[in-house]
Structure formats: structure tokens, C-alpha cells
Amino acid sequence: MKQLRQNIRRVGLLLCVLFSLLVLYGAYSLTNYGSRWFSTSANSWLRGAKQDVVPGDIYDANGVLLAGSLVTDTPEGFTVTRQYHTDPAVRRSVAHAVGDASGNVANSVETFMAKALYGFDQSLTERVSDFIGGQRRKGDSLTLTLDSALSAYILNRLEAIRLPADEPGEATLAPAGAVTVMNWKTGAVLAELSYPTFDPANLQTAARSSRQPYFNRATQGMYAPGSTFKVVTAAAVLGDPQLSGRSFTCTGAYETEDSEGRTRLITDAGTDSAQGILVSHGQIDLRRAFRVSCNNTFAEAASLVTDAKLRRQAMAFGFDANFLFRDIVLENSSYPDENRTPWQIAMTGIGQSGLQASPLHLCLIASAIANGGVMMEPKLVARATASNGTTRRVLEPQTARWVFDDPAVPAMLRDYMYDVVNAEGGTGTRAALVGWRICGKTGSAEVDSQARTNALFIGFIDDERAPYALSIVLEDMGGGGTYAAPLAHDIFAYLVEHLQNTGELL
Ligand SMILES: [Zn+2]
């Protein structure tokens, strides 16, 4: 009997401990990731609040009103009509980041930040004082890190690009894709564009489009990184003392084996076996191979590094991580499953074979290299302001992850990326900007069942005075050096010009 009582007491104690842990975990999750839970449509509090709270306004980094509310009194109370910026170019350029009143865009500020916008961050005293004062309750206003003028400029440049025509004279559309720009020191996101976009003030047109205009390709789109992934492969080689000084021989076609033991060739760009054209770089070191984006070398490098070490390096950059950022919902990037054939491993070295990353993650990778190996958490909210004017919170830069143990590796990668844009034979020279250390990497990623490749570019300004990084993905466009690098040049030029005219960072 005594034994039994003791056992019951033990079990009871264990349950108490477990329950306390659950409560602590719940409190922790709610404090840190409350927005995630809060913005789900199942939340009945939020549905209730939408009836009797005026949502807060949304501003860009310069105080430009991006979303406000028109309040109309009715016999039952009032109704709110959400109103967006007057310029359609601005509305369309920030549409995915800001969102729309109907919640068509998943995880936009309008939905993901509903907790703040509908006043759930207010204290009891604030609510009571609003109630006593007979005031209509208004949620917190948010000032974003986004620059709407920069965003509209990028949209304008993007829409000037046209997909290649299949027939001469055929009219074509601007390519689908995404452009992201951030401050690599603070993590502040300055632009987050997804294309095709839509006009939140005219949703009928978007509803008729078959090109998924509500889908946020910048944060939710999954793309093969192609040769932009060579920064990861190069990092793995440079971090391996047995390989870092190694020289390679490029024959223009790296021979490897698939699962059935058949020979597979990984060829360099420009090689066309049907035409008998073979591009080979001969004796080549890693730095030049990176500059000319030699597939032969990087396929071989991945094989030498081994799948396990390449995976570890990719994971250090955030592949396979569960991204849980406070301001932004970012789809997780993935490194392919284990037990792969030599061919698949070699293809990973050049950014193919099941690798998937979002454009914003690619921008984070470039940012981490620029920032000495420290990846900052992407931030979208510069400031939250209560309806009585007091500041609720301001942006505090946070480290998302330390990518490198050895600071020498990101320093070498910066030089490699500088060469891509500035040295003879570099694939990204069209991104160059006189007077600035522009660093980058081009990519032309093959997509199954597609005739054309996606054009990619990731890069940054290697200068503390202008700490900008960007990523560009243009679907079905062709070569990254030809189509994405010129857009990178335009964006860097805009940023630097603004800096020189105003003396202020965007
Ligand atoms: Zn080569």
C-alpha cells in the first residue's frame, strides 16, 4: 500500500513537471512565434477584432503610406475599407510583401502581422483608456524596412525585360520570378518583389490571370540555385585543407555514373555535343573555375569533397533548416536526400539535382558572405507604433546563424565573387559598377521539362558604407550573366546614386 502511494506520488510529480514544461514551451512559442499562430484563419479572436478595431496603417521606410483605412460610420458601428498607395506602380511593387485586404497573398504583412495591426499587442490599460475615452480602437501602425521607390524602380526595370520569342516578331511577356534586396549588416529587407504581380486596388484582373499572381515567389518560390550554388561548393572546398590548393583539369565534360552504372557527362556551358562543340578550360584552379563558372571543375570538386561535407556546408548556409523568423515566413530550402549516385552528387556541385532554395534565402547566402560569415535574420518591420503615438518596438538586428568557423573562407569567397563581376572572362561582368566593389555569382539553372534555363544572379556591394545584397531569379529567361546581371547593375546603381545624393542609406 505504501509502495503504491509512493508510486502515485511519483507519477503525479512527473505529470506536474511535464505540464510545467508544456506551459513554458507554450509561453515561449507564443512570445516568439505568436504571429504564426495568430494569423491563422482558425483564430476566432482575430475574426472578432476585424469587426470592431480599425487596423493600423502600413508605411514604407521613408514614411510613405502603403496601406491605410477609410472608416465609414454605419447604424451598427462602422465599416473599414482598406486603401493602398495612390500610384499603381508602387501598389504593384510591394503587393506581395504588404498583401491585400482579402488575404489572397499568404503570409503578407496584412495577414502575418494581423496581431499588431488589430491591436492585440496593446496593454489592458490602453484598451481601458480607449474604452473610457469612447474612442474607436485602432491597431498598431507598422513602418516597414521596404523602400517603395526602390521597389517601383525594380518593377519598372523588370517589366522592361521580355522573354525570348519562339518565333521572330512574336510578342512576349516579362519573365516570372523574384527580386530581393537587403542590407547585409542589419538584415533589413529593402525590396521583395514577386512577378507577375497584381494590383491590390483591382483584384478582378488578378483573378483572371493564369500566372499565379498572388504567389509570393520571393519567399515561397522554390528554385534550383544552379551555378549560384557554386559559392557553397567553393566554401566546402576552401574549408577542406586537403583540397583548398588543388588544381583541376577541365576537359569540358566531367564523366560520372548514374544508378545503373551508365556513363553521364556534365558539360560546361557552351558545349554542344550534337554540334561537336566542346568548351574546355584545361588546367584550372578553383578561383578561375569559379569566375568562368566551370561545371567540369565544380562537378569534380563536389565528388572530391563528398556528399556528406557538401551537405554540411549547405546546412551551415541554411539548407534543410526550419526557418522561423519573426517578421517573415520563408519557405525552407532543401538539400537532396542521402544515398545518391555519383552523378547526382556531382550535379549538386553545380546547383542541380534536387537542390531547392527561395530567392530570399539566396539573398541571405550572399549577405552572409558579405558580412564575414554572419547571416542576419531578415527583417521587415522597422518600427511598430501604438495608436497613441508611442513606439511599441523598433528593429533590432539579430544573427540568424554563423555560417563559417574560419573567417578566412568568406574573405576568399568575396574575392572569388569580385572576380566574377570584375575580372576578364567573368560571367557576371554586366553587373559591374564603376567605383564600387560589386561581387556576385551568376546562375543558369536547368529546370526539368523546360527548354530554357532560369537566369539567376546573387551579389552584394563589398563596402561597409553601402551594405547591400540582392538576389534575382528570372524564369525561362536563359543565361544569368546575360539577363540577370544587367538588372543587378541597375539596382546597385540606383542604391549608390541614392546614397550619394542624400548621404543616407536606404
Ligand atoms: Zn571548364
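This is a predicted model: local features need pLDDT of at least 70, side-chain atom pairs count only at pLDDT 80 or more; totals for chains, interfaces and linings use all residues.
Trainee: What makes the site of the zinc ion tetrahedral?

Mentor: The zinc ion has four donor atoms, with angles of 93 to 115° among them. Four donors count as tetrahedral if all angles lie between 85 and 135 degrees, so the site of the zinc ion is called tetrahedral. For comparison, the ideal angle for four tetrahedral donors is 109.5 degrees.

Trainee: Which atoms coordinate the zinc ion, and at what distances?

Mentor: The donors are SG of Cys250, OD of Asp268, ND1 of His281 and SG of Cys294, at 1.9 to 2.2 Å. Donors have to lie within 2.8 Å of the metal, and these four do. Along the chain their spacing reads C-x17-D-x12-H-x12-C. Cys250 in strand E7 (residues 247-250) and His281 in the loop between E9 and strand E10 (282-285) are 31 residues apart, so this pair links distant parts of the chain.

Trainee: Are Cys250, Cys294 and His281 buried or partly exposed?

Mentor: The cut-off for buried is under 20%. Cys250 has a relative accessible area of 3%, so Cys250 is buried. Cys294 is at 0% and is likewise buried. His281 is at 21%, so His281 counts as partly exposed.

Trainee: What is known about the largest pocket?

Mentor: The largest pocket holds about 630 Å³ of space. Elements that give two or more residues to the lining are strand E9 (263-267), helix H15 (342-348), strand E15 (438-445) and helix H18 (480-483). The largest share, four residues, comes from E9.

Trainee: How do the residues of the lining divide into nonpolar, polar and charged?

Mentor: The lining of the largest pocket has nine nonpolar residues, 17 polar and four charged.

Trainee: Why is Asp320 called partly exposed?

Mentor: Partly exposed lies between the buried limit of 20% and the exposed limit of 50%. Asp320 has a relative accessible area of 37%, so Asp320 is partly exposed. Asp320 sits in the loop between helix H14 (307-316) and H15. Its phi is near 65°, a positive value in a residue other than glycine.

Trainee: Where is Gln212, and what is its phi?

Mentor: Gln212 is in the loop between H9 and helix H10 (217-220). Its phi is near 50°, again positive in a residue other than glycine.

Trainee: What kind of peptide bond joins Tyr195 and Pro196?

Mentor: The bond is cis, with omega about 0°. Pro196 belongs to the loop between strand E6 (189-195) and helix H9 (203-208).

Methods
Residues are numbered from 1 along each chain as its sequence is written. Side-chain values use heavy atoms; hydrogens and water are left out. On a 1 Å grid over the protein atoms alone, a cavity is a set of points where a 1.4 Å probe fits but cannot get out, and a pocket is an open set with protein on both sides within 12 Å along at least five of seven lines; lining residues have an atom within 4 Å of a point. Grid points are joined across faces, edges and corners, and a volume is the space filled by probe spheres set on the points. Ala, Val, Leu, Ile, Met, Phe, Trp, Tyr, Cys and Pro count as nonpolar, Asp, Glu, Lys and Arg as charged, and the others, Gly among them, as polar. Donors are N, O and S atoms within 2.8 Å of the metal (3.2 Å for Na, K and Ca); water is not among the atoms, so sites may look incomplete. Four donors count as tetrahedral if all angles lie between 85 and 135 degrees; four count as square planar and six as octahedral if opposite donors are over 155 degrees apart and all others between 65 and 115; anything else is irregular. Buried means under 20% relative accessible area, exposed over 50%, partly exposed in between (1.4 Å probe, protein chains only).
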